[in-house]
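Welcome! Take a moment to look over the chain and its fold, and then we can walk through a few spots together.

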Amino acid sequence: MTVHRLSRTDARRVAVQAQLLDSRRPPGLLDLVRHLTLLQLDPTAAVAPNADLVAWSRLGSSYDRGELTTALRDRTLIELHALVRPSEDLALFRAEMAEWPGAGELRDWQKSLRDWVKANEACRLDILDRLGSSGPLTSREIPDTCEVPWTSTGWTNNQNVIRLLGFMVQRGEVATAGRKGRERLWDLATRVYPDDPVVPAEEALRILDERRLKALGIARARAPKSPMEPNDVGEAGEPAVVEGVKGTWRVDPSLLGQPFSGRAALLSPFDRLVHDRRRTTELFEFDYQLEMYKPAAQRRWGYFALPILYGDRLVGKLDATADRAAGVLRVDAVHEDVDLTQAMTAAVRGEIEDLARWLGLDLRLPRGVLPGGH
C-alpha cells in the first residue's frame, strides 16, 4: 500500500475538516455527534459546559443548549462513561461489556476488580433489585450494603456504591438514564439501551477505529492509553508520514486533496482537535495546557483558556470567563501565538461576539485587547 507523504499543512487541514471546523457547518446536533462519534461531558462551565461548547464551535449560534438535554431524554443520544454517543453506537460496546473485566488472560489489576465486585455480589444484586422496582435513582438513594470497602488513595476511597455502579456500567448491567441536577440517575441498562443486535468484539473494534479516524482525519496507529476515548486508530485508513514529524500515521484517504476553506473558531480545552496534546504539538506546533488545576500565579494563559483556530492554524488562546451573576462574558486576554492580521483579528473578534450572544451575556472586552491587527 502506498504511504501518503503529507506536509504539516496537509495534515492540519485533514484534521480540521474531519472535526467539522472548516467553513462548512454541519446541519444539526445529531449529525454532528454521529460524525464526531462523541461529546465529552465535563462539569466545568467557566465559559460553557464542554459538550455545549464543542457543539457551538461547529454549529454556531443556531445551536440551542436545550437540544442536547432533549436528545438525551429522548434517547437519540445516550451517555456512556461521561461521553455522549449516538444510541445506535451502543451495540458496538456490548460485546466488550459482556467480556468484563477483559478477554483472555487477565492482568493482576483486572483480577483485582473482578474479585472486588464478586466480594460484593449481594450489594450488586440489591442495586439491580432496587433499580428494577424503584429506578431510576441517584447514587445517594442507593444504600451501601457492600461488605468489602473500595480502597483508594484518591477521592473514591470508600465510595463503594459509586465504584460498583461504574463497574456495573462496564458490565452492561446499569446505565445513566438522565440527570437530577448534577447527579446522574441510574437505571437498568435494559431500560436505557436500544435492543440492537450485539456486534462481535473484533468487528466492533474495527468499526470503532474506522469511525474514530473519520472523526480525527489523521492519527497514530498506536498511542498511550487514554482514560476515556483512545487517541489511536489501529489499522484504519492508510499509512502516511508527515514532513518534519517522526513516525508513521494513519490517514482518512477521502480527505486527501480536498479543497480547504477555513474559518475562525474558539475551542474548548477538551475539544478533540486538541485533546491529544502530543498530536497538537506535532501537527499544529501549538503549546497548550489546561491550567485550571494550577495555582493562579503559575498560569500563563488563564484558568480555562480557549484555543483559537484560524484556518488550519492554532493561533492563540482566549482567556475568558462567563460571569453569569453579572451578565457578562469577561475577556481578560487574547494570547497571540502568531501576529494576528486585520482579517484574523476581525474574524476572532466576530467569534467572541457570537459566543457572548449565544450565552446571552454582554461582552466585556477591555481596551487594548484585540486591537486593529497588523
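Which residue in β4 does Q40 stand opposite? Let's find out, keeping in mind that this is a predicted model.

## A three-stranded sheet

Q40 faces L83 of β4. Strand β4 covers residues 83-86, and two bridges link it to β2 in an antiparallel arrangement. The open sheet here has three strands, ordered β2-β4-β3, with antiparallel pairing. At its edges are β2 (39-40) and β3 (77-80); each has a single partner strand, so one side of each has no neighbour in the sheet.

Helix α2, made of residues 29-36, lies across β2, β3 and β4. Its direction is at about 100 degrees to β4.

## R272, a buried charge

Further along, the loop between β10 (264-266) and α11 (277-284) holds R272. This residue is buried, yet it has no salt bridge. The nearest side chain of opposite charge belongs to E229, 4.9 Å away.

R272 does have a polar contact of 3.5 Å, side chain to side chain, with H275. Leaving aside residues up to four places away in sequence, R272 touches Q19, L38, L216, E229, P230, N231 and R279.

Our last stop is W116, found in helix α6 (residues 108-119). With a relative accessibility of 8%, W116 counts as buried, because the cut-off is under 20%.

Not counting residues up to four places away in sequence, W116 touches several others, including V148, W150 and F167. It also touches L164, which is 48 residues apart from W116 along the chain, with 9.0 Å between their C-alpha atoms. A polar atom of the W116 side chain lies 3.3 Å from the backbone oxygen of P149.

Note on methods:
Residues are numbered from 1 along each chain as its sequence is written. This is a predicted model: local features need pLDDT of at least 70, side-chain atom pairs count only at pLDDT 80 or more; totals for chains, interfaces and linings use all residues. Side-chain values use heavy atoms; hydrogens and water are left out. Two strands pair if DSSP finds at least two bridges between them. Helices (H or I, at least four residues) and strands (E, at least two) are DSSP runs, numbered from the N terminus. Contact means heavy atoms within 4.5 Å. Axes are lines fitted to C-alpha atoms, for helices over the stretch in contact, and angles run from 0 to 180 degrees between N-to-C directions. Buried means under 20% relative accessible area, exposed over 50%, partly exposed in between (1.4 Å probe, protein chains only). Lys and Arg count as positive and Asp and Glu as negative; His and the chain ends are not counted. A salt bridge is a side-chain nitrogen of Lys or Arg within 4 Å of a carboxyl oxygen of Asp or Glu. A polar contact is a pair of N or O atoms within 3.5 Å; within protein, one must be able to donate a hydrogen and the other to accept it, and residues adjacent in sequence count only if both atoms are side-chain atoms.
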